[in-house]
Amino acid sequence: MARKRRQKKHKLGKAPGALIYTGDQVIDKVQVQQIDFNETDITVTDNPDLETLKAARESNTVSWINIVGLHDVDYIAAVGQAYDLHPLLIEDILNIHHRPGYYDDGAIIAMVLKMLTPDKEDPVSNVEQIAVICGENFVLSFQERPGDVFDPIRERLIRPTTKIRSRKADYLAFALIDAIVDHYLVAIEEFGEKVEELEEALMEGKAERILELLYKYKRDINFLRKVVRPVREIAVQFEKTDVGWLDDATVPFLKDLVDHAEYSAEAIETFRETLNDLLNFYHTQSANKLNDILMVLTIFSVIFIPLSFLAGLYGTNFEFMAELHFTWSWPAFIGLEVIIALGMLYFFRKKGWL
């Protein structure tokens, strides 16, 4: 399944901070799930009203508010206003074609990045933008459509003995980003398997549509590179943030997140170089085959040059040609041509041209 290209909705002429959703509506109504938890208790609320969402900011628990669907611009703006989000940040949330980036105003940190859902057939086909915003006791996550990579986190939240239940919002934000990066690794691994299969097929000369697949994989790896590389910068900035509510116990996990992001970026560069090498090898292999064909054709042409000369010579219409009246003229002529052809073949083989 090829990655779908969506029509971009441009914002030409609009003022900075103008709220326009640049994607396509995929659900009828925005879906919201609010999870309030601490070490002992957890409450899950589906589709809470705005007052409930706003009250979560002042509660003594950690609140994770996951919002699915960005088409209702007024609702997204109301949530942003309830949590004092800057209009430019809300604009970035709604602009699904925005480059992954990091925002930090001292009170909150926000990370806008792409989420990949692994697909065996096409590891880079399922992609959507997601924004993770973290404050002292809350995490907001905005995504385009239902389905994400956070189910393991939800399962860990249900169990009271897990580390995530005893930590603060910063650790929850780390866990969300870490889940996204882990699925980068899964997608990259699946993509790497396809590249290795293509490499083996190319080496064995069994690949079909080889050039088409090479260019498709190069397009995919460039897309992955554009998605993953900025996340390394985001992870580094998250680790180095100086917001007052960041727990020191979370810092080692952020360092591990940076390592994972760097490993993802390095793996992509490795496969990118591999594809470039395979493409060069393919072109070299094709050129060598063409040279072999031209060499054979040239040799046959060279062999037939003296034969054609003799045939032309004795095909002239002169009456007095002594050789024409000999009994063995025709066999001698054929024998001479055979000797010449075999002699030239022997000469070419001795020279290593055959």
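Author: Buried means under 20% relative accessible area, exposed means over 50%, and partly exposed covers what lies in between, with a 1.4 Å probe and protein chains only. The model is predicted, so local features need pLDDT of at least 70 and side-chain atom pairs count only at pLDDT 80 or more, while totals for chains, interfaces and linings use all residues. Residues are numbered from 1 along each chain as its sequence is written, and side-chain values use heavy atoms, without hydrogens and water.

Reader: Why is N47 called partly exposed?

Author: The relative accessible area of N47 is 49%. That value lies between 20% and 50%, so N47 counts as partly exposed.

Reader: What makes the phi of N47 worth a remark?

Author: The phi of N47 is positive, about 50°, although N47 is not a glycine. Most residues other than glycine have a negative phi. N47 sits in the loop between β2 (42-46) and α1 (50-56); helices (H or I, at least four residues) and strands (E, at least two) are DSSP runs, numbered from the N terminus.

Reader: Why is D84 called exposed?

Author: D84 has 54% relative accessibility, which is over 50%, and therefore counts as exposed. D84 is not a glycine either, and has a positive phi of about 55°. Its place is the loop between α2 (73-82) and α3 (87-94).

Reader: Which class do K255 and D104 fall into?

Author: K255, in helix α8, has 42% relative accessibility and counts as partly exposed. D104, in strand β4 (residues 101-104), is partly exposed with a relative accessible area of 31%.

Reader: What is D104 in contact with?

Author: Contact means heavy atoms within 4.5 Å. Leaving aside neighbours within four places in sequence, D104 is in contact with I109, T241 and V243.

Reader: Why are α6 and α7 called roughly antiparallel?

Author: The axes of α6 (residues 169-204) and α7 (residues 210-240) cross at roughly 155° and come within 11 Å. Axes are lines fitted to C-alpha atoms, for helices over the stretch in contact, and angles run from 0 to 180 degrees between N-to-C directions. Angles under 35 degrees count as roughly parallel, over 145 as roughly antiparallel, 65 to 115 as roughly perpendicular and the rest as oblique. The angle here is over 145, and α6 and α7 are therefore roughly antiparallel.

Reader: What residues make the contact, and how many are nonpolar?

Author: Among them are F174, Y184 and F191 of α6 and L213, Y217 and F238 of α7. The contact has 19 nonpolar, no polar and three charged residues. Ala, Val, Leu, Ile, Met, Phe, Trp, Tyr, Cys and Pro count as nonpolar, Asp, Glu, Lys and Arg as charged, and the others, Gly among them, as polar.

Reader: What makes a set of residues a nonpolar core?

Author: The members are buried Ala, Val, Leu, Ile, Met, Phe, Trp, Tyr and Cys residues, joined through side-chain atoms within 4.5 Å. The largest such core has 65 residues, and F150 and I153 have the most contacts inside it. Its largest share, 18 residues, comes from α6. A second, separate core of 28 residues includes Y21, A56, I76 and Y83.
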